Every structure is written in structure tokens, then in C-alpha cells.
Amino acid sequence: MSAPQSPPVLARPSSRSGGGAPAAIPEGLAAIPPGAELAQMLAAIDVERVSGFDTVEVLKAAYRQSCHDRARFLHALLEVGLREQFTGDSVVRLEVPDEFAPDEARAALAWSRRRADSAFDLAWNLHRRLPVLGEAMLAGELDEPRAVAFIRWTSGLTDAQAGWVCEHLISRAPTWTVGELIEHIQRLVLAIDPDWAEKRYREAVRRRRVVGMRNDDGTATVSGLDLPLDRAVAGCERIDDLARACKRAGDHRTLDHIRADLFLGSLDGSFEGLSDAEIVAHVRTHPFVDAAPSDAPAESSDIRPGDPITKPITEPSVEPVDNAADGRDDEPDHLADDEPDHAADHAATTRPTTRSTARSLTSPAARGALIPETGHARGLAVRPATRPALDPTAKRAARHPTRHAEGPGKTTHSNTDASPGRNPDTTGDTITGRG
């Protein structure tokens, strides 16, 4: 009887590819300004064959060219919106765009109304209101996220003041991250107008609202937007207090799950008329039980709704808790100051609030940073989740209120363009906010 054969040994795949001498890139590529010449050079380069060092040079050159191309595209979009109607065979340009300015581009590119409006507003700001930004983008020295930061954080200033801020910082902007650039812009803006932060905060609070939407996976998201800071922090702190009280009472679920139950119970009336101790008892005895996945074990340590309550339920403590001292310093903070992302200005990332964070946000120093009570601020600690005013003129909003009901820069779809039950500020189906 022959011995069993061993399985064949498979060759280990190599992590390397290519080989041979790298291809050279055109000499002086780093110094060539963006335009037709650089585009032709980049088209002739096979980036997969150049050396590792030269890939960086190709990357930077391609980015300069992409900034140039983006500025040219926005300039063309602006020109489309500024042309007088029924002048297709001549050059007749409007000095001030009307309410229909973005519509031609919207039809030509099959864009949504909101996308067309926001792109036209950006084009106007780049090439008309703050032309120094458009020139820097055409030269490949400024990218769109940094240009948007200049536009966004100089809103509320006069055109001359905003232009001065841009001219003062634009040469150093490419060396800073977007977050660092915003901090420098804020310092100059506050030097020009010490009340700027307070006015911006009050204007944002006037836009406060609650938005509910259905997500693609069938879940839902409920968000309170542009809320007063102190009340938002107090609400997050109370949810956290009650969640920790449930934990102390023996709830084995994660704090995130408990917070979610408390949040929903506060919204749907489940806790109406209950004391804090009764709320803890209700959540403890009526937890939301997740459906176990098919490959999960039958017993789960995360969800034990049938466990008896072995600890007495008391009113949750409101004394400040040092998370670092009790081993919970790894929890993320809600309302933290993250570097803004240009593509993320349509949505905000929310994270749980710890009491130490709540104290820091509501302290006099933080309030002074957000709203300069003495008229002088040292920088802003909290940044808005909504896109501020970018509309080129107030005329468009006044003449077309159904499309500009929320103010410049945030276009609201009219009833003829929006499906019933949808909110143009969200990506899913709206489930709240009727009326």
C-alpha cells in the first residue's frame, strides 16, 4: 500500500511587481505650470514605470493640473449662468445672475437643483467675489477644499474685507491643512469683526431643526441640527448619566445601545411622567433586543434581558466623573473639533459625549472661544455642520423664495422638484418634519 501523497506546495505570491530600470520623467516637471503643456506631459508618462521618488513628482504635477482644470470648469459654469437668455448666437452677459442662473448647467449636466446651485455659488465666489482664489486655482497653487474654506469662513464680511483675508493668507495656505487654514482665517476675521463669532452662532441657532431620515439599510437617523450649544451638551450629559445608571443596575449591553434606547424613549413618549429611577428600571426591564446573526452563538454576553436586577436602582448621579480615573478615557467625545472635510459638509459625524467633555464645552473658556462675551475671542472651538451662505446675491433668494427658503447657500427644493416626504438636506427619505 503506497504512502499518502502530501498536498502540493503552492508558491508564495510575490509582493513585488515590475522590474528593470525605471522610466524617466520629463526634466523640470515640478516647475511646469498647469495648462496644456503640463497636461500633454502627464498624458505621456506611464506612472507605473517611474521610480518611487518620481511617482511623488507626478502626483504633485497631476494635482496642480487638476486644480487648474477644476477652476476652468467652474469658470465655464459661471459663464453659462451669466449669459442672457435667448442669446445663443451672441455674447451678452448679465452683470448680476438671476434666480435661473444655475438651471442651464443643471440641464446640460443632468444635475440635481441643489448640486447646480452650490456649484454655481462656488464658481461665483471663486471668479467674481474673491477672484484671487480663482487665480490661485488656475495657477495650481490652491485646491478646492482650501478655496471653500476661504469662502465659508469669510461669509458675513464685506467683499473687501474677505478679499483682504484671502490675499493675506493665500500664499501660505498650501502649506497648511484645511483645519489649520481655518484657524488662521478665524483669527483674522475676529480681528476685523470681534462680534463675528457671536453673530454667526446666533444665525445658526435660528436655523435649528430636527431631521429624520430612513437609511439605505432600513434603519433611521434622527438628528437635531444647529442646536444651542449649552442645551445640546446638557441633553447629551443627561443621556450619559442615565446610561451609566443602567450599567450600574446590571444592564449588560454596551453604553451605545443603552444611550440609543434612552434617546428613543425620550422622543417617543415612553418615559413620560417617569422619574429618573423609573426610567432606569424601564430601560433595564424593556431593552431593545438585537436579532442575533445566523453565525452568532446562542448565548450572547451583550444582551441579557432576562437577567434579574441585583443592584438597587438609585437616581443617577450628576456629580462630575473623571473618565480617566475610572478607566473610561477611551470613549470618543461628542461635538469634538474635527478637521472639516469638503465632501463632508453635507453631514456631521456624531459621537457620544462624556461629562468631562461637557464641562470643557460649557466652561467660560470654551464659551469665550465660541461666542466672545468680552468682544475678543481666541479662536473657535466648534464648527458648524451646515454649509453657510455662498449665494452671490440676495436678489436670487428674494425673487425665488421657494428655492432659497433657508437663506443663501442652502437651497430648498420647490414642491415641483422634490418628491413628497423627502428633505433636500438629506440623502434618504424624510420621515419627519411634515407640515
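Student: Is Val-222 buried, exposed or partly exposed?

Tutor: Val-222 counts as partly exposed, because its relative accessibility is 33%, where buried means under 20% relative accessible area, exposed means over 50% and partly exposed is in between, with a 1.4 Å probe and protein chains only. This is a predicted model, in which local features need pLDDT of at least 70 and side-chain atom pairs count only at pLDDT 80 or more, while totals for chains, interfaces and linings use all residues. Residues are numbered from 1 along each chain as its sequence is written, and side-chain values use heavy atoms, with hydrogens and water left out.

Student: And where does Val-222 lie?

Tutor: Val-222 lies in strand β2, residues 220–225; strands (E, at least two residues) and helices (H or I, at least four) are DSSP runs numbered from the N terminus.

Student: Which residues make the nonpolar surface patch?

Tutor: Val-210, Val-222, Phe-263, Leu-264 and Leu-267 make a nonpolar patch of about 440 Å², and helix α11 (residues 255–268) gives the most to it, with 3 residues. Patches are made of residues with over 30% relative accessible area and no salt bridge, with nonpolar side chains (Val, Leu, Ile, Met, Phe, Trp, Tyr) joined within 5 Å and like charges within 9 Å. A salt bridge here is a side-chain nitrogen of Lys or Arg within 4 Å of a carboxyl oxygen of Asp or Glu, and the areas come from the Shrake-Rupley method with a 1.4 Å probe, where for residues only the protein chains shown count as cover.

Student: Changing topic, how many aromatic pairs does the structure hold?

Tutor: The structure holds 2 aromatic pairs, meaning rings of Phe, Tyr and Trp (its six-membered ring) whose centres lie within 6.5 Å, with planes under 30 degrees apart counted as stacked, over 60 as edge-to-face and the rest as tilted. The pair of Phe-73 and Trp-111 is edge-to-face because the ring planes are at 65 degrees, with the centres 6.2 Å apart.

Student: What parts does the Phe-73 and Trp-111 pair tie together?

Tutor: Phe-73 lies in helix α2 (residues 52–82) and Trp-111 in the loop between α3 (103–109) and α4 (113–129), so the pair ties together parts that are 38 residues apart in sequence. Phe-73 is partly exposed at 30% relative accessibility, whereas Trp-111 is buried, with a relative accessible area of 15%.

Student: What about Trp-153 and Trp-196?

Tutor: Trp-153 and Trp-196 form a tilted pair, 6.2 Å centre to centre with 55 degrees between the planes. Trp-153 is in helix α6 (residues 144–153) and Trp-196 in helix α9 (residues 196–205), so this pair ties together parts 43 residues apart in sequence. Both Trp-153 and Trp-196 are buried.

Student: Which charged end sits over the ring of Trp-153?

Tutor: The charged end of Arg-200 does, at 4.5 Å from the ring centre; such a charge is NZ of Lys or CZ of Arg within 6 Å of the ring centre and within 35 degrees of the ring normal. Arg-200 is placed in helix α9 and counts as buried at 16% relative accessibility.

Student: Last one: what is the phi of Asp-226?

Tutor: Asp-226 has a positive phi of about 55 degrees, although it is not a glycine. Most residues other than glycine have a negative phi. Asp-226 lies in the loop between β2 and α10 (229–248), and is buried, with a relative accessible area of 15%.
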